[in-house]
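Thanks for coming. Please have the sequence and the model open while I talk.

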Amino acid sequence: MGGARQRRGAKLSRRLRPVALLGGTFDPVHVGHLRAALEIRDALGLGQVRLVPARVPPHRPQPRASAAQRLALLRLAVRGVPGLTVDERELRRDGPSYMVDTLTGLRAELGRRPLCLLVGDDAFRGLPGWHRWEALFDLTHLVVVQRPPLAGQEPTLPAPLRQALQGRWADDPQALSGTPAGLVWKQPVPPLDISATRIRGLLKAGASARFLVPDACLRYIRHHHLYTD
Ligand code: ATP
């Protein structure tokens, strides 16, 4: 009896653990993305981190690999990693990949389950440039992924953002599990100085990108002659 209740309790808490989204171009996915996702999954006790490749990123140049190739690379990267999944909804949508649309769709599926959008420091400071950015707080929590040199320092935030954040800072990460959306939390993550730009540069130069990208992804990249021009 007690055992059954405990199992039900464990099942319930699993169901209610927050889902997080890490959006990006993933051109290609690399271990910087994967380590950050795992660090945050474990630090915040998340049920799941969904990697969300953008089809047409509104804020940057178009990706080098096709949507199908970036998706294939992501699927290879998360295979066998508990708690990491790929969410392909932006690839299925026409037009620019606005995060507010992505979150609206996800919110409709998740009901009141807590949702966390992971954003880097730079993206966070640039939030007021995002399409319908103020609506984001009704849909999701924001987790600002901080590199340690910045942790503890107060970055200069644009005035409209500072205003929108008033009363939203969570005192501890547990608070994110208690409500579906609307809070902000800064999570320090050990830095890995890896970027897709650098990996594309290495591959273009014929150099090795081993141990920066999972081996299965590198095999796919080689097989499809990606990033070599
Ligand atoms: P590019 O070099 O092409 O700009 P990128 O390596 O920055 O690409 P993105 O797909 O733009 O990769 O990143 C998706 C998300 O992952 C962003 O929120 C970004 O801040 C984060 N990210 C990228 N690289 C790292 C890293 N090394 N450590 C932690 N987070 C990272």
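This is a predicted model: local features need pLDDT of at least 70, side-chain atom pairs count only at pLDDT 80 or more; totals for chains, interfaces and linings use all residues.

Residues are numbered from 1 along each chain as its sequence is written, and side-chain values use heavy atoms, with hydrogens and water left out.

Aromatic pairs, then. How many aromatic pairs does the structure hold? There are 2. Rings of Phe, Tyr and Trp (for Trp, its six-membered ring) pair if their centres lie within 6.5 Å; planes under 30 degrees apart are stacked, over 60 edge-to-face, and the rest tilted. Phe 124 and Trp 169 make an edge-to-face pair, with 6.3 Å between centres and 75 degrees between planes. The two residues are 45 apart in the chain: Phe 124 sits in helix H6 (residues 121-125), and Trp 169 in the loop between helix H8 (159-165) and strand S6 (184-188). Helices (H or I, at least four residues) and strands (E, at least two) are DSSP runs, numbered from the N terminus.

Is Phe 124 buried or exposed? Phe 124 is buried, at 2% relative accessibility, while Trp 169 is partly exposed at 36%. Buried means under 20% relative accessible area, exposed over 50%, and partly exposed in between, using a 1.4 Å probe and protein chains only.

In the other pair, Trp 133 and Phe 137 have ring centres 6.4 Å apart and planes at 75 degrees, so this pair is edge-to-face too. Both of these residues are buried.

Back to Phe 124. Beyond neighbours within four places in sequence, its contacts (heavy atoms within 4.5 Å) include Val 119, Leu 142, Leu 161 and Trp 169.

Next, helix H3, residues 67-78. Just after H3, Gly 80 has a positive phi of about 80 degrees.

Last, cysteines. A search of the whole structure finds 0 disulfides (cysteine sulfur pairs within 2.5 Å). Cys 116 is buried at 0% relative accessible area, and Cys 217 is buried at 1%.
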